[in-house]
Amino acid sequence: MTTVSKVLLNYQEQPIGVAQIKQVGWIIESNQKNVFQKTYHLQIAEDALFTKIVYDSGIIETEESAHVTIPEGLCTLHSSKEYFIRVKVETSNGDESEWRADRFVTGVMENSEWRAPFITIETAEDKNHSKGYYLRGSCHLPKKIAAAYIHASALGLYHLYVNGEKVRDDEFAPGWTSYNKHLLYQTYDVTEFLKDGENTIGAMIGAGWYKGNMGFVRMRNHYGEQSAFACQLQVWYEDGTGEMITTDENWQGDWGPVLFSEIYDGETYDARKEIADWNKNGCTYESWQEVHAISVDSKILEAQSGGMVKEMTELPAKQVILTPEGDTVIDFGQNLTGWVTFTVKGDKGSKAELKCFEVLDAKGNVYLDNLRSAKQTITYICKDDAEVTFHPNFSFQGFQYVKIIEYPGEIKAENFTAHVVHSNMRRTGEFECSNPDINQLQHNILWGMKGNFLDVPTDCPQRDERLGWTGDAQMFCRTASFLMDTYTFYSKWLRDLEADQTEEGGVPHVVPDILTGKSSEDRLLKDGSHSAAAWADAAIIIPWILYLTYGDTTVIECQYGSMKAWIGFMQEHSVGHIWNYKLQFGDWVALDAEEGSYFGATPNDLTCTAYYAYSTGLFAKMADIIGRTEDAAKYQKLYDEIVETYQKTFFNKEGHLSVQTQTAQIITLYFGLAPESYRRNVVDDLLKLLKKEKGHLVTGFVGTPYFCHALSQNGHTKEAYELLLKDDFPSWLYQVKQGATTIWEHWDGQKPDGSMWSPDMNSFNHYAYGAVGEWLYRVAAGIECDEKKPGYKHIIIAPHTGGGLEYVKASYESIYGRIGSRWEENEQEVTVTVEIPCNTCADVRLQGAGEILDDGGLEFTDESGVNTAHTGSGRYMVRYRKNK
Ligand code: BGC
């Protein structure tokens, strides 16, 4: 039997707010093996019964099931309407599926159809504060409503209400983008919220990233001095007519209970300032202020139909602690990002005040220094003695612990719950093995991701930073893309990367960029610095990883100009193909740095030029993929020249790198920059450097992500496992042994004696070193994609047993369906179980296999010394004797 189990529109299920159908894909399931799609039939209609069809592909003979595009002009969709999409397929074994149908809702199809002005009550006098305010508007809907959709956005943050109820569970809408160039709006189905007659739409507005005090140099109003809100409601009546209602000068507003709310510092909420029924019909409040409009060019608006931030997970308090210094602290047992939701009951004017933080010090006392200037404080002031449950509206915290500064009544654990807040992304990867420490590492990597994917990929969620550091994002992208479906998240962020590039194509250190040129005194920002190797290369590497993971060429098309500009920038500023520029971060926070320095020992000329080569090579490939043959040839030539220069400059006559650091060897190997005849030397040197450190890494941001690969790709899987399994300082598992529940910024964030690395920069939730996660999937479990048939259309399953592990099992939900790989080994034998989704094929490669005891129905032949079988979809179990 064959079924279509999922239909994905722009990689999302049932999206709301689609302004363009970029591609359609679906997942085929079957109880048969070796199933391929033979034909598909795709229809889009205005009704669930598909009587009013607006697009019909007819029966198309093709294997394409993941990136189906609709020829231009053949499918006209109107704004603010519900549509239905359905797909059926016929497979190679003659089976035919039933139709699989789903709904979607359009956004505003043309920006010229955006009618809603942005309104505010803020004036020039409000530029220096971050108060929240209410806005409300009423409308009379004369007839029975068939459907209704609101499109809304804000300069700042908003929560949307209709007739007193919060619409959908979105948080931090409209997200963080380069607001003045790119602003997202969200679409809400409000059919059930409205009734014929009088209706009230309300919005609560906060300062957020738009005008709050942001950045480690602490400046406010990065995008503007007044926050504002806009929405347009499209109502469709049962009689077939429609009406649009927008924010306008008839709306009203006033300051509300949010006395202060900012991303870093927390929120002060005075419930005595609530206005009763502010968002309902019949509100009797009389002192509403007038609103005024703020001009926003509707051209910058773009629909967001997925990946909204939400409360994703809930954790109960684990214990209430009394510290030696006498503080009462709630412990959630997990470092996380989001907020504490608490229940409080107190007299009018009594206060609950909580401070969120990450770690206790060696003595078990509250440790706040690593938050730097971020206050992370929530204050709730009671309006009467009713019991209330509260969490901040426009602020999030990075924390495991909450210090109770003030609280009316008894402090009971059950009154405190942590809500984990991040962008809503489908979980795609699972990994487990027989070693509990590796499983904890895997857990920490996942939680590092949950903690730093709050609308933009951030470095950390707790101190006065939480910025879209490009380097951190680039390093973690491949791991993240195993763990969750990152397509929508990263492709949105890449638009901002492009928007914030300098005229010359330079890439800022953080995206959205609130740093470039902001402080001449800061050590990282002086001279208007931007464009650091490994950071700025996010412009190339992230589109490339999305291409590998999703087989997607639209991201290459979209980012092409941005990528080309970045390569052009490096070309312009390189001298004889050696690239270096202003301030570089180099192998950031490597342990081979000089005492007290953050900059690792590998020289910038080498790291910069290595990345220049790597990015140029990837760009040449991407140009070729989308048929830009001239560019492909041009940049391939440039790549060859850079590599030649690299080899001439950094290799000595004896064929060794002149720079003897772990990182120099690692990137030379992983980026393929060594002449073939010298590769062995580089591998040997890396092994020597590793031995010198007694098997420990001393690498920073640049070397760490690829360390295990540099070993396993060069015949040293055993050493890669040994490195991974080290558990004394410095190592991945050292943190695990210290009780970490997320990934730390520093190998020694907390030292064996409990003392801390400098408070200056010591995050306990920094995903960068979690980049080792992809090695677990790609090498230990052996789920690898083939760049010739990306998106896992052709899968390479090559598990690498080792490390004394008894078993490893992993799965990845690809755009074709679930890929699984599991191995178990004992003294003599290995059993490998693989799962290959329909409409894909795979090579199953058994590394180090001796006699095959059970081929599971696959046909193995020796391919370059590795027992390899080619197969289509299905589940296969193979047993072999280990090679002696
Ligand atoms: C961030 C890093 C970032 C770095 C740049 C730090 O403050 O937290 O993760 O990449 O600055 O060097």
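Biologist: How many Å apart are the mean positions of the positive and negative charges of the protein?

Modeller: The model is a predicted one. The protein carries 81 positive and 125 negative charges.

Biologist: What does the radius of gyration say about the protein, compared with the globule rule?

Modeller: The protein has 14 helices and 47 strands. For 884 residues the globule rule gives 29 Å, and the radius of gyration is close to that value, so the protein is as compact as a globular protein of that length. The radius of gyration itself is 28 Å.

Biologist: What box do the C-alpha atoms of the protein fill?

Modeller: The box is taken along the principal axes. Its dimensions are roughly 85 × 70 × 55 Å.

Biologist: What percentage of the residues in the protein is buried?

Modeller: A residue counts as buried when its relative accessible area is under 20%. The protein exposes about 31,800 Å², with 45% of that supplied by carbon and sulfur atoms. Of the 884 residues, the buried share is 63%.

Biologist: Among contacts between residues at least 6 apart in sequence, what share joins residues at least 24 apart?

Modeller: A contact here needs heavy atoms within 4.5 Å. Counting the contacts in the protein between residues at least 6 apart, the share that joins residues at least 24 apart is 74%.

Biologist: Why is strand E26 described as largely enclosed by the rest of the structure?

Modeller: Strand E26 covers residues 351-357. It is largely enclosed because, of its seven residues, the number buried is six.

Biologist: Which residue in E31 is the bridge partner of Leu354?

Modeller: E26 is joined by five bridges to strand E29, residues 377-381, and the two run antiparallel. In that pairing, Lys351 has Ile381 as its partner. Five bridges also join E26 to E31, residues 397-406, again antiparallel. There, the partner of Leu354 is Ile404.

Biologist: Which residue in E20 is the bridge partner of Gly253?

Modeller: E17 is also joined to strand E20, residues 289-290. That link consists of two bridges, and the strands run antiparallel. The partner of Gly253 in E20 is Gln289.

Definitions and conventions: Residues numbered from 1 in each chain as written. Predicted model: local features only at pLDDT ≥ 70, side-chain atom pairs only at ≥ 80, totals over all residues. Heavy atoms only, no water. Helix = DSSP H or I, 4+ residues; strand = E, 2+ residues; numbered from the N terminus. Rg over C-alpha atoms; globule rule 2.2 N^0.38 Å. Buried < 20%, exposed > 50% of the residue type's maximum accessible area, 1.4 Å probe, protein only. Areas by Shrake-Rupley, 256 points an atom, 1.4 Å probe, with all protein chains shown as cover. Lys, Arg positive; Asp, Glu negative; His and termini not counted. Charge placed at Lys NZ, Arg CZ, Asp CG, Glu CD. Pairing = 2+ DSSP bridges.
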